[in-house]
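Colleague: I would like to go through this model feature by feature. Please give me the general idea each time, then the case at hand.

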Amino acid sequence: MKGANYWTDFARYPTVLASLIIVVGAAVLALLAPYLGLPNPEEMAGDLSELYVRPGAEHWMGTDNFGRDMLSRVIWGTRLAFQVAIVASLVSTLLGVMLGSIAGYFGGWVDHILARTFDVFLLIPAFFLVILIVALFGSNIYLIILAIAITSWSGQARIMRSQVLTLKSRTYVQASLGMGSSHLRVLFRHIVPNGLAPLITNGTILMGLAILTEAGLSFLGLGDQSTISWGRMIFEGQSQLRVAAWLVIFPGLAMLLLVAALNLLGDGLNQVLDPNLRVRGNPEKAPLPEGLSGRGVAEDGPATGRTGSEGEGLLEVRDLTMFYHLGDNWVRAVDGVSFSLERDGGLGIVGESGCGKSSLGLALMQVLPRNAKILGGSVRFDGREILNAGDDSFRSVRWKRMSTVFQSAMNALNPVLKVRQQLAEAYRLHRPDAGRAEVQERIEEIFDTIGIPRWRMESYPHELSGGMRQRVMIALSLLLNPELIIADEPSTALDVLVQDQILAEIDKLRSRTNLSLILISHDMGTVAETCERIAVMYAGQLVEEAPTDAIFSDPRHPYTQALVNAVPRLTGRKHELTSLPGEPFVPIGDLRGCRFAPRCSFATDLCRQQEPSRQRVDAGHISACHFALDERIENRAGERLLL
Amino acid sequence: MNASVLLRATDIHKTYSLRAGFMGQVVGRKVDEVRAVDGVSLELDAGQVLALVGESGSGKTTMGKMVSLVERPTAGKIEFDGEDVTHLSSSRLKALRQEVQMIFQNPYESLDPRHTIGTSVMEPLIIHRIGTKGERRDKVEEALSQVELRPASKFVDRFAQDLSGGQLQRVSIARTLVLAPRLIVADEPVSMLDVSVRSGVMNLMLNLQANLQMAYFYITHDLAVARYMSNRIAVMYLGVVVEEGPTDQLIERAAHPYTRLLIMAVPEHKVGKKRRRVQLSGEAAAIKEIPTGCRFHPRCPLAKQVCSVEEPPVVTVAPGRRAACHFAQEVFDKQELILNV
């Protein structure tokens with residue numbers, strides 16, 4: 001099954017496929033050479049009547065100065081090329097795997113000695129060492145192969161060592177040791193097999209290099225005189241270049257083709273074996289799933305049938321749809337999401353990983369990953385359409401009126417700039433004519449607001465604790481006094497005491513200014529304490545939206561009910577946690593029915609056939625469940641043990 | 001003391017030296033030391049669950065490596081079933097591994113991606129040369145169905161990449177079960193799982209623990225999870241245990257200011273009630289620069305002069321309850337004490 005995957009991956013890269021065909025073809029030729037009816041060049045006496053015959057029907061590649069058929073010489077030369085390539089590459093890879101893995105795994109002084117040895121070997125100019133060996137011990141093909149291996153193994157060893165260094169801390173390695181495995185078992189069962197991929201790639205490229213080195217030696221007249229090698233053919237042919245260029249051209253071409261193919265194959269193997277290098281889907285070229293052609297991105301103005309009047313909130317989201325193109329599929333990350341947020345309001349968006357909550361945040365800020373595409377819907381900010389309304393129009397809103405706090409503060413801050421510089425840069429980007437004093441004043445002001453000591457301005461991000469970095473991120477988002485902040489898990493990576501401090505700062509900000517907040521989190525508790533309303537997402541859709549108290553005391557979607565009852569609590573009576581069967585649903589391709597149905601204990605045929613519409617449970621309480629108003633669901637909500 | 005004590009760790013220390021490198025050592029550069037665990041004593045009775053709670057950098061994971069003998073302590077004694085196992089030879093240690101098993105935090109990395117589920121679960125049996133081929137296969141299938149991966153035959157030939165996080169963690173649990181261990185050291189086994197899947201794994205672990213009479217050494221940062229899973233809780237801060245006691249009592253009425261603050265800071269929805277956020281003045285201390293006296297004093301709202309000078313004694317505030325604080329008794333006596341932060 002795994003093999004099949006590799007083959008389809010190969011097929012994606014035509015150059016790789018072509019190089020594979022060339023290499024395999026050459027190998028077959030080399031193996032079959034004795035059976036092709038071609039005369040063995042070693043036994044070929046040569047025909048003195050056929051000296052220097054030009055390439056033609058009789059002799060495809062002509063004949064040489066002894067009247068020997070070049071085609072058969074070139075094909076027999078393939079045998080030697082492969083011998084050199086395979087043995088040299090194999091020996092150096094074996095040496096590299098053994099010494100590299102020992103160095104990486106055992107570390108300490110073993111590693112010190114071995115790693116320095118690799119470095120020394122890497123410093124030796126390969127070709128000169130080979131020449132030296134040949135000069136000292138004579139020109140024997142096995143010696144030449146050995147010499148090539150000796151100059152190339154240290155590269156393999158270094159790759160293996162670094163592979164082992166990362167792999168040995170993998171949990172499965174720790175687990176196996178914890179079960180009582182011996183070091184050797186762990187090394188050769190778990191570490192080396194998982195680290196071989198780049199060595200295979202490099203080994204393939206080494207094969208090409210070995211062929212070139214052998215040819216180079218032969219060309220210099222240092223090759224083994226008893227072998228039929230392409231290098232020797234070129235060496236012998238060069239003196240007759242004017243008379244019979246084909247003597248050089250054909251072996252040269254053969255070598256070029258094989259070496260180039262080996263290198264391409266090496267790169268291709270790298271692509272196939274390393275999933276990180278695989279290309280993701282291209283949303284511009286892929287056909288859309290059915291039933292979506294009707295949806296479109298709203299135009300600005302009255303064409304949407306809505307005007308920015310009568311009680312519209314700060315943010316009005318209608319049918320927002322954003323898909324990811326992954327492989328050959330569309331993942332419906334955000335699928336027809338609608339909600340509104342009042343001025344001063346706080347909305348929490350909760351859901352499990354992969355439910356689309358972070359994608360929703362990205363779509364709202366219109367910072368899309370390369371393989372994502374907004375397929376429809378409308379986002380109105382303060383009465384104006386901002387979705388695809390042209391870059392300029394959104395630029396006037398982004399960061400100035402609507403900004404975001406990212407989850408990973410360490411990745412979002414530039415490690416080589418001081419905090420003050422980064423804030424100043426962001427400020428000047430949006431207020432280009434701001435003076436030095438104004439910028440400084442604003443940064444000081446914002447630092448005071450967030451509770452960061454002013455002297456921290458001169459720190460680099462790595463000098464700050466996790467909590468401080470997160471504060472800097474919040475300061476960055478507040479720099480231009482926005483009206484709305486979208487915060488995606490702003491406190492998740494922090495310890496609980498620090499988290500509470502950060503959330504307290506957000507609380508204070510909200511009460512002091514008219515800041516609206518969208519808080520995206522997996523943690524029901526965090527969201528509940530920070531926001532007045534909660535929206536629950538499942539498989540790309542909003543399944544329930546209600547005031548915070550109602551989400552906990554009267555949840556009307558079976559998924560919300562399950563979520564609320566699945567979280568252990570610190571206070572109140574201990575009760576058994578409920579869990580859902582199965583796994584979160586991944587919305588891919590064309591779908592029918594309710595996405596939660598496979599895990600829902602209330603699911604009926606209706607649920608499996610028809611997508612539920614949004615049911616109004618109460619004022620401001622909406623549930624996308626066919627049975628939101630059904631007694632059973634209502635009773636289940638009441639069962640929720642008030643703690 | 002008690003005959004049923006399964007695991008006893010006494011005054012465990014673990015110091016890591018941040019090496020100056022080979023050349024650095026030659027020229028005599030100073031070697032930095034990090035005291036990850038600094039004098040921890042714990043006991044775990046057979047068939048019980050002890051939760052070790054702490055924030056990042058508290059040394060809880062290091063402590064887990066110590067009690068499972070993946071790493072040996074720099075100083076101190078670890079006894080398993082009455083036997084001193086701190087310095088066991090590697091062959092005796094291998095035998096002990098059958099009794100002490102581990103579950104790790106990251107389910108996606110716990111299984112070798114090149115092995116099938118069946119091979120992974122069978123590995124402990126192969127390492128310890130238990131059973132014939134057929135018996136091993138039976139044991140693997142039995143373990144898989146114990147963790148509710150049914151039908152087991154459907155799972156044995158699949159690879160880790162085909163399974164979800166919750167299923168992978170169940171496989172990890174199954175892998176520990178084939179050896180019928182008496183102690184499982186679980187380091188944040190559910191923290192990477194989604195809420196709706198996490199509760200299922202927690203319930204499974206509790207059921208297995210009750211049915212198979214195993215003991216868990218359960219490491220977590222989440223007090224609510226610790227409450228759900230354990231009989232006793234030990235709270236660690238910067239390498240030491242600051243408080244220990246029966247789960248319900250400890251959460252009801254913590255005797256150490258740090259524990260109280262931890263409990264106060266857990267965000268939880270209570271209908272109609274609004275919790276006060278905890279806002280400490282100091283920053284979280286790093287393990288590299290441990291404060292003098294009480295390690296918590298720079299952040300502690302109750303800190304007095306003595307706290308910055310003297311290391312606090314371990315006070316037994318009630319039977320089975322101990323806390324390392326100069327004012328432990330006072331904090332313990334005032335159940336309604338709300339720390340002024």
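Colleague: Is Asp448(A) buried, partly exposed or exposed?

Modeller: The model is predicted, and the reading rests on relative accessible area, with buried meaning under 20% and exposed over 50%. Asp448(A) has a relative accessible area of 42%, so it is partly exposed. Arg454(A) also comes to 42% and is therefore partly exposed. The side chains of Arg454(A) and Asp448(A) meet in a salt bridge, at 2.7 Å from N to O.

Colleague: Which residue forms a salt bridge with Lys65(B)?

Modeller: The partner is Glu71(B), and the closest N and O atoms are 4.0 Å apart. The cut-off is a side-chain nitrogen within 4 Å of a carboxyl oxygen. Lys65(B) is partly exposed because its relative accessible area is 31%.

Colleague: Which residue forms a salt bridge with Glu268(B)?

Modeller: Glu268(B) pairs with Arg569(A), the closest N and O atoms being 3.8 Å apart. This pair crosses between chains: Glu268(B) sits in the loop between helix H11 (257–265) and helix H12 (305–309) of chain B, and Arg569(A) in the loop between H21 and helix H22 (605–609) of chain A. Both Glu268(B) and Arg569(A) are buried.

Colleague: How should I read the interface as a whole?

Modeller: Start with contacts and area, then go to the elements and residue classes. Chain A puts 67 residues in contact with 68 residues of chain B. The area buried between the two chains is about 5,900 Å², and carbon and sulfur atoms give 53% of it. On the chain A side, Met179(A), Leu497(A) and Leu570(A) lose the most area to chain B, together 15% of what that side buries.

Colleague: Which elements of chain A give two or more residues to the side that touches chain B?

Modeller: First the polar part: 36 residue pairs are in polar contact between chain A and chain B, both residues at pLDDT 80 or more. The elements are helices H7 (171–179), H8 (183–195), H18 (496–512), H19 (524–530), H20 (548–553) and H21 (558–566) of chain A. H18(A) gives the most, with 11 residues. The residues of that side divide into 21 nonpolar, 26 polar and 20 charged.

Colleague: How many residues of H21(A) are buried?

Modeller: In H21(A), 9 of its 9 residues are buried. They include Pro558(A), Tyr559(A) and Leu563(A). For chain A as a whole, 52% of the 643 residues count as buried.

Colleague: Which residues touch the most other members of the largest nonpolar core?

Modeller: Of the 105 residues in the largest one, Leu315(A), Leu320(A), Phe339(A), Leu364(A) and Ile518(A) touch the most other members. Helix H17 (residues 466–478) of chain A supplies the largest share of this core, 7 residues. Apart from that core lies another of 40 residues, among them Ile117(B), Leu125(B), Leu168(B) and Val225(B).

Colleague: How should I read backbone angles?

Modeller: Most residues other than glycine have a negative phi, and most peptide bonds are trans. Asp319(A), in strand S1 (residues 315–326) of chain A, has a positive phi near 50°. At 47% relative accessibility, Asp319(A) counts as partly exposed. Asn481(A) has a positive phi of about 55°; Asn481(A) lies in the loop between H17 and strand S7 (484–488) of chain A and, at 53%, counts as exposed. In chain B, a cis peptide bond joins Arg150(B) and Pro151(B), with omega about -10°. Pro151(B) is placed in the loop between helix H5 (133–146) and helix H6 (152–155) of chain B.

Methods: Residues are numbered from 1 along each chain as its sequence is written. Chains are lettered from A and ligands numbered from 1 in the order in which they are written. This is a predicted model: local features need pLDDT of at least 70, side-chain atom pairs count only at pLDDT 80 or more; totals for chains, interfaces and linings use all residues. Side-chain values use heavy atoms; hydrogens and water are left out. A nonpolar core is a set of buried Ala, Val, Leu, Ile, Met, Phe, Trp, Tyr and Cys residues joined through side-chain atoms within 4.5 Å. Buried means under 20% relative accessible area, exposed over 50%, partly exposed in between (1.4 Å probe, protein chains only). Helices (H or I, at least four residues) and strands (E, at least two) are DSSP runs, numbered from the N terminus. Contact means heavy atoms within 4.5 Å. Buried area is the accessible area (1.4 Å probe) that two parts lose on being put together, summed over both. A polar contact is a pair of N or O atoms within 3.5 Å; within protein, one must be able to donate a hydrogen and the other to accept it, and residues adjacent in sequence count only if both atoms are side-chain atoms. Ala, Val, Leu, Ile, Met, Phe, Trp, Tyr, Cys and Pro count as nonpolar, Asp, Glu, Lys and Arg as charged, and the others, Gly among them, as polar.
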